[in-house]
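Here is a short report on charged side-chain pairs. Look at the sequence and the model first.

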Amino acid sequence: MKAALRATGLFLIPYSINLTLYTISFYLRSVLREVDIKLIPSHIDNEPIIRKKIAQKLKWKGEPNFYFKLVKRSIDARKNPVMYQLRFLVSSDSNIQSDADRIGINYRESGSGKRVIIIGAGPAGYFAALQCLEYGLKPIVLDRGKDVRARRRDLRAIQQLGEVNPHSNYCFGEGGAGTYSDGKLYTRSKKRGHYLKTLKVLVDHGAKSDILIDAHPHIGSNKLPGIISNIRNTIETHGGQVLFDHYV
Ligand SMILES: Cc1cc2nc3c(=O)[nH]c(=O)nc-3n(C[C@H](O)[C@H](O)[C@H](O)COP(=O)(O)OP(=O)(O)OC[C@H]3O[C@@H](n4cnc5c(N)ncnc54)[C@H](O)[C@@H]3O)c2cc1C
């Protein structure tokens, strides 16, 4: 019977209609558009105005019942009035996944993994240690200086007494050279891994999620030491080690 229908082409008609309907519904579900709009600062949290602007940009007909998610934010202060420039992902699906959402990070319990000795608990050393955890390797980080809180006492000695500890100062110690800066994060490099992964690691360890969307993000000098301690905690709770006062 099937063979007879196939021969006349009748078998194929419902199948092709099905396929078309499936394709249309799939397309509708996965429509994702990038839309740039400009807003004055007082409208930055005004959802109806943002929705209206996006609808205008899309030349949307009918009820603007789409979903949107902010993925980039910058301020143009060159002219008056100052304007926010915003980029949204717009979709018919409520579950909008940005590039940052799609980055998965999985630290494995690595206490019994192969040992990797890392010299220096600066950004390079700590991010190398986190990468080891993703591979199931056991990182052992050695630093000549002290942990980020004890290090602060040595900075006070520099400022107040002019005494410099050669192993614990503005350059050396946990967190490395930029620990007491405001933590600007302007790189947009994708050469050796996506910069968004670095930002996501920082958010997972206590930085504001704003750094994922701001064009000129910074962590803030008050937050950096806490984030560095949290990264050490991740290394240690997954079986790695961080050893201070270890001059190599
Ligand atoms: C004041 C200042 C502000 C900055 N602000 C920013 C900013 O806002 N944004 C930004 O992206 N970058 C900033 N930077 C640059 C940034 O800090 C560096 O690019 C970054 O610290 C380099 O990381 P690193 O891990 O390679 O080296 P380092 O940060 O230098 O870390 C090296 C680590 O190794 C340890 N070490 C050194 N020798 C030995 C040894 N023989 N044995 C054991 N341990 C050792 C040190 O104690 C140190 O912890 C700033 C730098 C400074 C100085």
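## Salt bridges across the chain

Glu-134 is buried, at 18% relative accessibility. Buried means under 20% relative accessible area, exposed over 50%, and partly exposed in between (1.4 Å probe, protein chains only). The model is predicted: local features need pLDDT of at least 70, side-chain atom pairs count only at pLDDT 80 or more, and totals for chains, interfaces and linings use all residues. Residues are numbered from 1 along each chain as its sequence is written, and side-chain values use heavy atoms, leaving out hydrogens and water.

Glu-134 pairs with Lys-197 in a salt bridge, defined as a side-chain nitrogen of Lys or Arg within 4 Å of a carboxyl oxygen of Asp or Glu. This pair links distant parts of the chain, with Glu-134 in helix α4 (residues 123-135) and Lys-197 in helix α6, 63 residues apart. Helices (H or I, at least four residues) and strands (E, at least two) are DSSP runs, numbered from the N terminus. Lys-197 is partly exposed, at 23%.

The structure holds twelve salt bridges. Among them are these:

| Pair | N to O distance |
|---|---|
| Glu-134 and Lys-197 | 2.7 Å |
| Lys-69 and Asp-101 | 2.5 Å |
| Asp-214 and Arg-73 | 2.7 Å |

Asp-214 lies in the loop between α6 (195-204) and α7 (224-237), while its partner Arg-73 sits in strand β2, 141 residues apart. Arg-73 is buried, at 18% relative accessible area.

Lys-69 is partly exposed, at 29%.

One network of salt bridges links Glu-34, Asp-36 and Arg-87.
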